[in-house]
Amino acid sequence: ETFKRTTKYGLAMLMSTDENLQAYLQKILTQVRHWLMEGKVTRLVLAISGLETGENLERWVFNVEQEKALGDPAPVCEDDEPVERECTKSEKEIQGEIGAIIRQICASVTFLPLLQEECTFDLLIYCDKNAEVPTTWEETDPRYITNAVDVKLRSFTTFIHRVDTCVSYRDTMDLDDL
């Protein structure tokens with residue numbers, strides 16, 4: 001078995017124990033974290049495609065909008081007095097919102113078509129044009145899905161970043177079936 005049961009964001013989930021996959025994800029997520037802190041990430045995409053066919057089957061999009069740069073001063077009133085930020089969230093609140101998105105992603109199995117073949121995935125990171133990209137990384141196509149159905153999912157904000165989520169999948173419904 002290549003998964004272990006763990007709890008994250010208040011949810012029970014399975015995490016891969018495959019060391020190669022963990023190393024791959026760690027390398028990517030370290031770079032993404034760096035770019036997020038610099039405000040250079042605009043979108044993260046998880047593209048799932050058929051291993052044999054290469055067909056794009058699902059496209060999970062996480063649009064990232066920077067709301068406030070790290071280290072920005074607090075807002076100031078007309079009388080030049082700093083204002084207490086009413087728009088701060090505790091880590092617990094943010095983790096709760098992330099947990100809600102994960103629950104919604106898990107619930108999406110009720111409307112997503114069953115994947116009939118072995119699949120592979122790619123992580124696509126859309127960045128500011130001035131971001132320094134590691135030399136081992138390569139550009140790729142956006143992995144759009146032909147005849148796609150788009151489903152907007154929940155959004156959340158940390159008040160530094162706002163994340164809007166959406167999943168696209170290939171519409172397998174035959175119009176003759178209507």
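The structure is a predicted model, in which local features need pLDDT of at least 70 and side-chain atom pairs count only at pLDDT 80 or more, while totals for chains, interfaces and linings use all residues. Residues are numbered from 1 along each chain as its sequence is written, and side-chain values use heavy atoms, with hydrogens and water left out.

**Salt bridges**

Let us begin with charged pairs. A salt bridge here is a side-chain nitrogen of Lys or Arg within 4 Å of a carboxyl oxygen of Asp or Glu. By that rule the model has five salt bridges, and the table shows some of them.

| Salt bridge | Closest N and O atoms |
|---|---|
| Lys40 and Glu38 | 3.9 Å |
| Arg143 and Asp122 | 2.5 Å |
| Asp141 and Arg143 | 3.4 Å |

How exposed are these partners? Buried means under 20% relative accessible area, exposed over 50%, and partly exposed in between (1.4 Å probe, protein chains only). Glu38 is partly exposed at 40% relative accessibility. Asp122 is partly exposed as well, at 26%, and Asp141 is partly exposed with a relative accessible area of 43%. Salt bridges with shared partners join Asp122, Asp141 and Arg143 into one network.

Where does Arg143 sit? Its place is in the loop between strand 5 and strand 6; helices (H or I, at least four residues) and strands (E, at least two) are DSSP runs, numbered from the N terminus. Arg143 is buried, with a relative accessible area of 16%.

Arg143 forms its salt bridge with Asp122 at 2.5 Å.

With neighbours within four places in sequence left aside, Arg143 is in contact (heavy atoms within 4.5 Å) with Ala47, Ser49, Asn56, Arg59, Asp122 and Leu124.

**Thr157, in strand 6**

Thr157 is found in strand 6 and is buried, its relative accessible area being 11%. Its side chain makes a polar contact with the side chain of Glu67 (2.6 Å). A polar atom of the Thr157 side chain also lies 3.3 Å from the backbone oxygen of His161. Beyond the neighbours within four places in sequence, the contacts of Thr157 are Glu67, Lys89, Ile94, Glu97 and Arg162.

**The second largest pocket**

On a 1 Å grid over the protein atoms alone, a pocket is an open set of points where a 1.4 Å probe fits, with protein on both sides within 12 Å along at least five of seven lines, and lining residues have an atom within 4 Å of a point. The second largest pocket holds about 680 Å³ of space, where grid points are joined across faces, edges and corners and the volume is that filled by probe spheres set on the points.

Which residues lie nearest its centre? Among the 22 lining residues, these are Ile125, Trp137, Glu138, Glu139 and Thr140. Helix 1 (19-38) and strand 5 are the elements that give two or more residues to the lining, and strand 5 supplies the largest share, six residues.

By class, the lining has 12 nonpolar, two polar and eight charged residues. Ala, Val, Leu, Ile, Met, Phe, Trp, Tyr, Cys and Pro count as nonpolar, Asp, Glu, Lys and Arg as charged, and the others, Gly among them, as polar.

Terms used: Polar contact = N/O pair within 3.5 Å; in protein donor to acceptor, adjacent residues only side chain to side chain.
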